[in-house]
Amino acid sequence: MQNLDPDVVAAVANYRYTGSTGNIDELLSSVVIYTQPVPFPGFEEAKQRNLHYNMSSFNESTGFGHFKASPTAYVNYNKRQLSRIYPKGSRVESSNFIPQIFWNAGSQMVSLNFQTPDLGLQLNQCKFEYNGMTGYLLKPEFMRRDDKQFDPFAENPVDGIIAADLAVQVISGQFVSDRKVNTYVEVDMYGLPVDTVRKKFKTKTVYGNSINPHYDSESFRFRKVIFPDLALVRFTVNDENGKMIAQRVIPFNAILAGYRHVVLRNEWCNPIGLAQLFCHFKMKTYVPEGLDEMVEMLSQPLKFLSILDERSKKMQVYELDEDEDVSAVVDKTIEESPSKDDGGKPQTPSKASSKATPKKSDSATSSNNDGSSNDSKTQMIRQSSAVGGILDREPIKPVDIQELLSSKAFAKFFKKYQKEYHLVHKKHDKERFLAISQNLKQVNDLSLETFGKKAFIEKKNKEKKSRQKTGNAEADLKGKYIARVKSLKESSTKDKVNSLVTKHISESTDNAKRHEEDLQRYKNNALGSVGVRPINGYCNHKIITFVLEIYAYGVSLIIRSSLSHKIWDQIRLLISNAFGDQIKCLEEQQKRRHRELSQYNVKQFMEERKKLCTRHDREKKQLEKKQEEEMRSFESRREEIIAPVLKRFDEDYIPPSELKLTNNAYT
């Protein structure tokens, strides 16, 4: 205070703060600078104002809407000024949202309900545990610099940020619970949307051992972590019913590689004694698929040079000179190999600038000297070809057609279409049988009209005795029809019979033609072409179509593991062009069946609901009826119940005038 201006000292001494300070010191309260809470004006207007002391508050729904609609603008907004997130009012049970969503956007203050120890609170507590419990963490530099643009929904590594690759193996646990329960461990990661992995990795369940369970799980690999600075790794120990026993959340940057013990906490993030997990962590820089061999070659060049020396020694037995032509062929192979084998992905380093010098020698000694003094450029070219896998690539195993024909998928498709084909035939047989029955009925009516009832019955019984049954209902009906027509032609109603038979023949011809068209239409839809030689209701073309469909859908994984993306796209395009109609027909049938099944389920639900409502109404009426009967019974017996009570009351009642005061009490 001695170095200050006397006027300033006097002004401070005479200053009296007139606002509400409570228990805060007046001088301290007068020098504190508060942020100014304002309604959110929008990202563009806030950028134009550029007032760093303005702060806007959002509930979780509004904040998530802004984050989803304009993620980059939200991150830039939080670079200039503060934003505060609080739980929405509909969380009446005091639950919490996941704060990681808004940490990804750079929000500085994310409020939570601290009375509920759920996932959101655990992430918050453990994240701020690694700053010395000071309550403040500096955001990553990439989210603070004005010259950088960050999209939280990015799916590829961002320039300036090194993506990571983490593998976690849970080996065992120690004292995970004081009860004898069956336990397993889940490992999750929370970060950017593309980095977040939940309920995917869990160990086997260890039964009856919670003191030292041995999980010995496979390595849980988080292959691509785009933004490690924001990522959190969570370990949870659950019982067999999924109830959490212990947990621990660790920031990605706090994990150290190697064998480590992870000390567990309870749901309130407090220590629980000796509970811990023994894990193995492997951490490395993320490498895109297809470049692993090149990265390994660059990290261990001596290993590949030794392989090259071994090849050079083996080639000495041929006494060959590696001239410029050999080098040119190898160079050309290396240049063409990325586009042919890996879809344009470079696998080999750039070729050396120097040329191999040819050497000529006729003696074995000079040959040995040539083999031992090969140029380093030729060695690197050969080794690069080995790295790219050009010389050592295994050929693709051809697919056997007979093997595909005998596969379960083809048998399933064939059985399905064969069943549909038989259903069509069965439908036609039923229609034909009904038509013959109608024709026979008309002939019987004409016979009854012509011969009379008695004569008709006699003829009918006579035909029944003389006719032999064939076992085929349709053939038996045809026999009856022919016999009745013959008997009618001998009578006086010959003209009526002829006209009736002509009508029946015309109708039968129309039905047969319609059935043939239905079958042809079904074959066209099922087989995809007309006029192909059928095999048991199907054709060779359909078999080939089935084989190619199985080839496209069932064997695609095997092919894609061996072929490049470019060749696979060509194969898929050829199959789509050649058999697109069949594939489209199968997809439409699948959608139709799904739609019919959904309609059936809705219908069943509505019927079941109707039944339940009917039963509920019936039970309600029964209860109301029963209640009315009880009320009537009570009303009828009311006098009988109340009369004895009133009588006893009248007997025991003493008027006030008869009461006498004796010793300060009434008697």
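The buried residues of helix α4 are covered by elements that include β2 (54-59), α5 (71-80), β3 (82-86) and α6 (100-104), where contact means heavy atoms within 4.5 Å. The structure is a predicted model, in which local features need pLDDT of at least 70 and side-chain atom pairs count only at pLDDT 80 or more, whereas totals for chains, interfaces and linings use all residues. Residues are numbered from 1 along each chain as its sequence is written, and side-chain values use heavy atoms, with hydrogens and water left out. Helices (H or I, at least four residues) and strands (E, at least two) are DSSP runs, numbered from the N terminus.

Helix α4 spans residues 60-69, and its buried residues are Glu 60, Gly 63 and Phe 67; buried denotes under 20% relative accessible area, exposed over 50%, and partly exposed the range in between (1.4 Å probe, protein chains only). These residues lie on the same side of α4 because they cover an arc of only 70 degrees around the axis, the arc being that of the directions from the helix axis to the C-beta atoms. An α-helix has 3.6 residues a turn, so residues three or four places apart point the same way. On the other side of α4, Lys 68 and Ala 69 are exposed. At the start of the helix, the backbone nitrogen of Ser 61 has a side-chain oxygen of Asn 59 within 3.1 Å.

The strands β1-β2-β3-β4, in that order, form an open sheet of 4 strands with parallel pairing; two strands pair if DSSP finds at least two bridges between them. Its edge strands, β1 (36-37) and β4 (109-110), each pair on one side only. Between β3 and β4, the parallel pairing extends over 2 bridges, and Ile 85 stands opposite Val 110 in β4.

Two helices lie across β2 and β3: α4 runs at about 105 degrees to β2, and α5 at about 115 degrees to β3. For these angles, axes are lines fitted to C-alpha atoms, for helices over the stretch in contact, and the values run from 0 to 180 degrees between N-to-C directions.

Positive phi values occur in residues that are not glycine. Asn 50 has a phi of about 55 degrees and lies in the loop between α3 (43-49) and β2. For Cys 269, phi is near 65 degrees; this residue is found in the loop between β11 (258-265) and β12 (271-285). Cys 269 counts as buried because its relative accessibility is 12%.

Note on methods. Polar contact = N/O pair within 3.5 Å; in protein donor to acceptor, adjacent residues only side chain to side chain.
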